[in-house]
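Consider the model shown below.

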Amino acid sequence: MTLLSARGLTRHFGGLRAVDGVDFDLESGRIHALIGPNGAGKTTFVSLLCGRIPVQSGSITFAGQDITRLPAHERVARGIAYTFQITSIYANLSVFDNVALPVQRRGSRTLAADTMAALDRVGLAGLAGQTAGTLAYGHQRLLEIAMGLALSPRLLILDEPTQGLALSEIDGFKALVRSVIPETTVLLIEHNMDVVMDLAETITVLNFGQTLASGSPAAIRANPAVQAAYLGGGHA
Ligand SMILES: Nc1ncnc2c1ncn2[C@@H]1O[C@H](COP(=O)(O)OP(=O)(O)O)[C@@H](O)[C@H]1O
Ligand SMILES: [Mg+2]
């Protein structure tokens with residue numbers, strides 16, 4: 001079943017075609033990776049999906065309904081959660097309170113238990129009382145994921161979540177992503193090709209705002225255009 005579709009999705013910044021007529025389909029219950037060189041339009045593309053940036057043309061369908069013009073908070077209410085490249089935690093609040101906010105937003109009746117469960121999922125339960133801004137950077141990224149998961153989303157969009165994670169934390173991250181499937185579908189922007197090849201069932205490659213290729217990890221790895229534009233460029 002298709003959870004999300006984009007058709008002809010477009011966002012230009014002046015003369016720059018950041019996202020340029022992208023067609024995209026996301027299957028429910030899967031891990032789908034979005035890769036491509038820096039500046040390819042990955043962050044802009046997912047910003048359009050979650051409503052952080054308005055769409056210029058094209059359409060987005062989520063769970064069978066057109067969400068192209070919905071404001072971001074209404075997309076969150078329909079089950080789209082996201083974390084972005086730039087951390088967006090509340091630095092002065094405790095780790096617990098950062099997660100309690102989205103748990104409350106979801107309308108939970110067991111606030112403390114649900115908050116601790118979300119923290120436990122990312123391995124931060126032991127740091128619940130700490131001020132969020134004092135966490136190591138990698139832990140702040142995990143806290144953001146806990147904030148997203150606290151919404152019990154149908155779709156979780158992660159923009160470069162392993163950036164800043166220690167090698168020892170990456171295995172835990174992979175296990176975490178696998179654990180949310182199939183209730184939550186994951187769209188993952190990721191530069192670490194080991195993580196991509198290990199986790200993703202489908203990979204879409206963006207280049208200059210357009211889809212260069214989309215398919216299984218094996219097909220993407222074997223694709224000459226992808227190798228030339230991305231995999232050959234020292235990223236792999
Ligand atoms: N708000 C903006 N204003 C102007 N240009 C932007 C803006 N956001 C992104 N861009 C440009 O759009 C292109 C795609 O950026 P981005 O989506 O961040 O790529 P990626 O996430 O793949 O690295 C880049 O050239 C970037 O400089
Ligand atoms: Mg980006």
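Which polar side-chain atom lies 2.5 Å from an oxygen atom of ligand 1? The atom belongs to Thr44. The protein buries 59% of the 570 Å² that ligand 1 exposes when taken alone, with accessible areas from the Shrake-Rupley method and a 1.4 Å probe. The model is predicted, so local features need pLDDT of at least 70 and side-chain atom pairs pLDDT 80 or more, while totals for chains, interfaces and linings use all residues. Residues are numbered from 1 along each chain as its sequence is written, chains are lettered from A and ligands numbered from 1 in the order written, and side-chain values use heavy atoms, without hydrogens and water.

Polar contacts here are pairs of N or O atoms within 3.5 Å.

The residues surrounding ligand 1 include Phe13, Leu16, Ala18, Pro37 and Asn38; a residue is near a molecule if one of its heavy atoms lies within 4 Å of it. Helix H1 (42-50) and strand S2 (16-27) each supply at least two residues of this shell, and H1 gives the largest share, 3 residues. Helices (H or I, at least four residues) and strands (E, at least two) are DSSP runs, numbered from the N terminus.

Elsewhere, Leu93 sits in the loop between strand S6 (80-83) and helix H3 (95-105). Leu93 has a relative accessible area of 32% and is partly exposed, a class between buried (under 20%) and exposed (over 50%).

Methods:
A polar contact is a pair of N or O atoms within 3.5 Å; within protein, one must be able to donate a hydrogen and the other to accept it, and residues adjacent in sequence count only if both atoms are side-chain atoms. Buried means under 20% relative accessible area, exposed over 50%, partly exposed in between (1.4 Å probe, protein chains only).
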